[in-house]
Amino acid sequence: MNKTILKWPGSKAKVMGELNKHLPAGNRLIEPFAGSCAVMMNTDYPAYLVADINPDLINLYRQIQEFEKPLTALAASVFAQNADEESYYSIRKSFNDDAGMTLIHRAAYFLYLTRHAYRGLCRFNQNGGFNAPYEKTAKPYFPNEEIQAFAIKAKRATFICADFTETLAQVKAGDVVYCDPPYDGTFTQYHTNTFAEIQQRQLAQKLNELATAGVPVVASNSDTSLIQSLYGDFERHSITAPRSIGVAAGTGKKANEIIAVSRPAKSGEVAA
Ligand SMILES: C[S@@+](CC[C@H](N)C(=O)[O-])C[C@H]1O[C@@H](n2cnc3c(N)ncnc32)[C@H](O)[C@@H]1O
């Protein structure tokens, strides 16, 4: 398994073996909820459209894509010079208050903050300010090899900061869509927005439309009655996955998830 640059709530890293069984081949993988890019890093499509609503996440990916070496050098020096709690809060303050910060500095600080935050939390307040506390017992890891591997894979990718509706509007014939939204009934605030039932319904409606149009669609979510009903026309596979957020994180407890799959019928195959 290829490891990711960031620890991320809801990362698919640990279930890629299961997920890969359901992802068909295609010209391009569209990922509207990219998070840590665990899926991009553990699949092999000719091209990727990688999107997320979090602008700092996408800025980090773009900076690595274009400026891998200077970004790595800058981030390594920020890690080396700011190991203690006081430095963490000082960097967090600059990150939140300095509107004129260059994009490469912002990317280096974002990587530093997420790697030094309590449990690797990437948490923002309503104004978009990063507000995760310092991880006192942290032995911060600098993800050098993960950045290198990402930069190679990123040559095939386009990164956009966008709401899922905008990303899904770009789907064309030959694409495969994989959606890993904030899960129904769980922690839903990844950035300043929330992901409530209305967004789950909008997403499912769009994915059902794409599936009807013959686009292969795969979606992960929690195994709730709402999700079962929204994806009633999809094949639904149950899996258990380690909880990565909330009080059960790191306790070994598992959550029930589903992988909903819609694949176009091959010619000669009778649709179910
Ligand atoms: C479950 S996580 C994805 C995890 C990812 N598959 C991984 O392996 O790391 C959900 C992601 O959706 C993003 N997100 C939340 N609301 C969104 C929206 N309306 N449009 C696009 N992305 C959104 C969050 O920033 C978060 O990164």
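These legends go with a few views of a predicted model.

**View 1. The protein chain, with its nine helices and seven strands.**
Start with the whole chain before zooming in. There are 272 residues here, and 36% of them are buried. Take the contacts between residues at least 6 apart in sequence: 68% of these join residues at least 24 apart.

**View 2. Helix H4 meeting helix H5.**
H4 covers residues 85-97 and H5 covers residues 103-116. Their axes come within 10 Å and cross at roughly 135 degrees. Angles from 65 to 115 degrees would count as roughly perpendicular and those over 145 as roughly antiparallel, so this pair is oblique. As for handedness, H4 passes H5 in a left-handed crossing.

**View 3. The side of H4 and the side of H5 that make the contact.**
Which residues of H4 and H5 make the contact? From H4 come Tyr88, Ile91, Arg92 and Phe95. H5 answers with Tyr109, Tyr112, Leu113 and His116. Sorted by class, the contact has six nonpolar residues, one polar and one charged.

**View 4. The shell around the ligand, made up of 22 residues.**
Now for the ligand. Which residues come nearest to the ligand? They are Gly10, Phe33, Gly35, Ser36 and Ala38. Across the shell, eleven residues are nonpolar, seven are polar and four are charged.

Key: Residues numbered from 1 in each chain as written. Predicted model: local features only at pLDDT ≥ 70, side-chain atom pairs only at ≥ 80, totals over all residues. Axes fitted to C-alpha atoms, helices over the stretch in contact; angles between N-to-C directions. Helix = DSSP H or I, 4+ residues; strand = E, 2+ residues; numbered from the N terminus. Parallel < 35°, antiparallel > 145°, perpendicular 65-115°, else oblique. Left-handed = near helix turned anticlockwise from the far one by under 90°. Contact = placed C-beta atoms within 7 Å. Nonpolar A, V, L, I, M, F, W, Y, C, P; charged D, E, K, R; others polar. Near = placed C-beta within 6 Å. Buried ≥ 20, exposed ≤ 12 C-beta atoms within 10 Å, placed from the backbone.
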